[in-house]
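Here is a short tour of one protein model, meant to be read with the viewer open. Please take a look at the sequence and structure first.

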Amino acid sequence: MAAAATLSAPDAAKLSQLKSAVSGLGQISESEKNGFINLVSRYLSGEAQHVDWSKIQTPTDEIVVPYDSLAPTPQDPAATKSLLDKLVVLKLNGEVRNGMTFLDLIVIQIENLNTKYGCNVPLLLMNSFNTHDDTLKIVEKYANSNIDIHTFNQSQYPRLVVEDFTPLPCKGQTGKDGWYPPGHGDVFASLMNSGKLDALLSQGKEYVFAANSDNLGAIVDLKILNHLMTNKNEYCMEVTPKTLADVKGGTLISYEGKVQLLEIAQVPDEHVNEFKSIEKFKIFNTNNLWVNLKAIKRLVEAQALKMEIIPNPKEVDGIKVLQLETAAGAAIKFFDNAIGINVPRSRFLPVKATSDLLLVQSDLYTLVDGFVERNKARTNPSNPSIELGPEFKKVGNFLSRFKSIPSIIELDSLKVSGDVWFGTGITLKVIGDHCCKTWG
C-alpha cells in the first residue's frame, strides 16, 4: 500500500475548520472527537485503497489453515475449563426486530458452556447508539443467569456535510440523524475507550471471539481456541469456501509478506471479474474473528490500527453527507502471527433476510441447547437457494403467509413470486431438473 500523503493547503484548512467545529460538540467524548478527526485526516491525505495486483499471492496452508488439520481439543475437562476461562465472546449487535432476537440463542449457548465446564465465559455486546436501549431490555431478562453480560457502545461520529465539510449536527440536525456509528472496525478502540478491555485483562482473559450477532453459525469452537493459544496467533479470521452467492465477499491474500484482507472496493476495475471468480479466490471472510486482547491494547495505544477507509455517501433531509467507516477484518495485517482458518460452511449461517429465516426455521435445522444444527438427512452440502418476493420482505408478513414452514430437506432452489400463501404439511423438493417455483 502507498504511504499516506501530506495534506494540501486547502485540505489542511478544511481539517482545521472541522477540528474547531467538532470541539464544540458536547454530545461525544474527547476520545470520539480525536478518533473522528484522525479518520478524516487519513481520508483527506488520500491513503491508497488499491493494491498492486501483480504482488497478490494465494496464501499457503500455514497462513490459511485447513480446519481439518487442527489438533483435537483436550479430553481433560480441567484443560477445557482452563481454555474457556481465558475467552470472552463479543457480538457485534444488530437491530432487535419484531421481538425476535438472536441474543436469546447466544445467551443459551454460553450458559450451557459455563454450566458444562464450570467456566466463566462472559458475553460482551457492542451496540451503536441506535440499538443500546433495546439491548439493555434484553440484558435485564438474564439478570439471574450464570453468565456475565456487559454492553458498551461503539463510537458516535458526526456525519460530514459534503458541500462545506462541516459536521451535520452543527447545521441544526441535533437528533440521531446527525450521527453515525463508524463500522465494526471501531470495535478495538471502543473496547479500549469503554474501559472493558482493561477490566477483561485484569480478570485473566486473553482472547475475544467476535462475530455478527445474526450469524447463527458463529459458536465457540474449542479446536480453534486451542490452536490459537498453542501457536500464539494474535489474530484469526475464519474464512469458508466461496459459492456464487458470495462473490462480493472479502478474501484473504498474501501481500508483501503479510496476510491481508482484500475487499472488492480495493480491486482495480479491470480485475473485478477475476476477484469475483471462485476459481482464483476460493474463500471469503465470515467476520468470525478471534483476537488477542493484549495485542489489541498494544496496537490501539500505538494508534497503529489504520484500516482501509470505506467512504459511505448518504442523504439526510436532502443534504448530501459522508460517513467514513472501517471494517474489523481489515485489521488482520497489523497483528503478529495472524492467520485465517478455512472453516466448514456451517459456521457461516447469517440471517439477514426472510429467505434466510425460512432456512433456519425449516426442518433443515434444529435447535439444540441454543445451537442451530443442520439436519443430517440433507445430503447436499449446500443449502437451497431461496428467493422470496416483496410480499415476504417484512418478518410479520413472512410469518403470516406460512401456516407452517414447509419441509425443504430435498429442495435445491425456490422462487416465490406474487400473492402466495402456504398451508400446513407442505414439502418442497426438486422434480427432475427443475427448481421449485411458486406463483400467486
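Predicted model: local features only at pLDDT ≥ 70, side-chain atom pairs only at ≥ 80, totals over all residues.

## An annotated histidine

The UniProt record, an unreviewed entry, lists His184 under "binding site". To find His184, follow the loop that runs between strand E8 (179–180) and helix H6 (187–193). Which residues does His184 touch, leaving out those up to four places away in sequence? They are Leu92, Met126, Gln154, Asn287, Thr326, Ala327 and Ala328.

In soluble globular proteins, nonpolar side chains tend to be buried together. Here the largest nonpolar core has 37 residues, and the members that touch the most others are Leu90, Phe188, Tyr235, Leu252, Ile296 and Phe335. Helix H10 (residues 293–301) supplies the largest share of this core, with 5 residues. Another core, of 36 residues, lies apart from it; Ile106, Ile110, Phe209 and Leu225 are among its members.

Tyr235 is worth a click of its own. Beyond its neighbours within four places in sequence, Tyr235 has contacts that include Phe188, Leu289, Trp290 and Val291. Its contacts also include Ala328, Gly329, Ala331, Ile332 and Phe335, as well as Asn337, Ala338 and Ile339. Ala328 is a residue that His184 touches too.

## Glu111 on helix H4

Next, turn to helix H4 (residues 102–117), where Glu111 sits. Is Glu111 buried, partly exposed or exposed? Its relative accessible area is 22%, so Glu111 counts as partly exposed, the cut-off for buried being under 20%.

Setting aside residues up to four places away in sequence, Glu111 touches Ser145, Asn146 and Ile147. Val121 comes 10 residues apart from Glu111 in sequence, and the two C-alpha atoms are 8.6 Å apart in space.

Now for an open sheet: 3 strands make it up in the order E7-E15-E14, with antiparallel pairing. Strand E7 (160–161) and strand E14 (310–316) are the edge strands, each pairing on one side only.

How many bridges join E14 and strand E15 (residues 319–325)? There are 7, in the antiparallel sense. Within this sheet, Pro311 has Leu324 in E15 as its bridge partner. Helix H2 (residues 30–44) lies across E7, E14 and E15, and runs at about 100 degrees to E15.

Technical notes:
Residues numbered from 1 in each chain as written. Heavy atoms only, no water. UniProt positions renumbered as here; feature names shortened; annotations may be inferred. Helix = DSSP H or I, 4+ residues; strand = E, 2+ residues; numbered from the N terminus. Contact = heavy atoms within 4.5 Å. Core = buried A, V, L, I, M, F, W, Y, C linked by side-chain atoms within 4.5 Å. Buried < 20%, exposed > 50% of the residue type's maximum accessible area, 1.4 Å probe, protein only. Pairing = 2+ DSSP bridges. Axes fitted to C-alpha atoms, helices over the stretch in contact; angles between N-to-C directions.
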